[in-house]
Amino acid sequence: MNKIWLSFVAVTALAGPTHGQKVEVQKPDRGQILHVQTALNHLTVLEMNEPVNTVAVGSRVFKVEWRENKVFIQPTEPSVATNLFVWTASGRFNYELDPAGSVPQMDFAIDQNVADPPAAALTVNPSGKPSDPSPAGVLLEAKPVHLYGSIPKKNRVAVYLTDLLEHDGQVFIRYTIRNQSPRAYVPGAPQVVALNAPWYRESLYPLSSSQLSPDAATRLKCRGETPIEVAQGEIRSPRIEPGQETTGIVAIKLPPMHVKPTVLRLTFLGSPKGPINATLVL
């Protein structure tokens, strides 16, 4: 387990354009005013290269929310322009929100350049290859997984996804399994699939790094599933007695050009009441 945890380094994946919408890369520049083109009933995402501290928007016509390093913008009326300020640890970034226009011309996402990790974060072993990051670096880079909704606990086995990290095309997911059933449970290794073209009743972008409750997951629609390779896995205890819990880690390989939001479904077999699913929005 320590081997898996020490191999974690977080990176940002850039989504590709769809339906004519633009995905642009912004060079961080606090002296620049960047124009953002939006469209009604569509969401534009600003993805910064560090966490957002606060934002300020000049008009309530634009709904603006933020979470971690992402800012979500949605116009509610046409023919209105305003300005937007985003503050991070590096300072203030300035945007001009243009009036809502046509979908093909909108900015689907604007991403800041992701800086390469500093060389000092890695050490080199005698073979000349970089060694694993330090445990302190792992703890700093880990993203907590938030539960959207609630999971019933009575007389059942439940899976809680707690942390995740992305590194070199892999996603490492830590989970906890709690056994509230009257029988011992042997979970084994999970099977993982990615949902094709996932759709939910609300935008999935704000739900990034969230686990959907079983009730919320039943409302999720998709166009099929794609099996995902499980590269590695560890679990503290292969058998969970009634009233006990254990933790595990699974490493999966994502497709090279996966598009966010990516929705993964982890399935654990062997429960007396059937397979147990945990749904994760990346």
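Biologist: What makes strand 2 and strand 8 a pair, and do they run parallel or antiparallel?

Modeller: In this predicted model, 4 bridges join strand 2 to strand 8, residues 91-97. Pairing needs at least two bridges, so the two strands count as paired. They run parallel.

Biologist: Why is strand 2 called an edge strand?

Modeller: Strand 2 (33-36) pairs on one side only, and so does strand 4 (52-57). The open sheet has 4 strands in the order 2-8-7-4, with mixed pairing. Its twist averages 25 degrees from one strand to the next.

Biologist: Why is T82 called buried?

Modeller: Its relative accessible area is 8%. Buried means under 20%, so T82 qualifies. T82 lies in strand 7, residues 82-88. Leaving out residues up to four places away in sequence, T82 touches V57, G58, S59, F62, Y95, E96 and L97.

Biologist: Which residues have the most contacts inside the largest nonpolar core?

Modeller: They are L161, I173, I252, L264 and L266, in a core of 24 residues. Strands 12, 13, 14, 17, 18 and 19 each supply at least two of its residues. Beyond four places in sequence, the contacts of L161 include I173, L266 and V145.

Conventions
Residues are numbered from 1 along each chain as its sequence is written. This is a predicted model: local features need pLDDT of at least 70, side-chain atom pairs count only at pLDDT 80 or more; totals for chains, interfaces and linings use all residues. Side-chain values use heavy atoms; hydrogens and water are left out. A nonpolar core is a set of buried Ala, Val, Leu, Ile, Met, Phe, Trp, Tyr and Cys residues joined through side-chain atoms within 4.5 Å. Buried means under 20% relative accessible area, exposed over 50%, partly exposed in between (1.4 Å probe, protein chains only). Contact means heavy atoms within 4.5 Å. Axes are lines fitted to C-alpha atoms, for helices over the stretch in contact, and angles run from 0 to 180 degrees between N-to-C directions.
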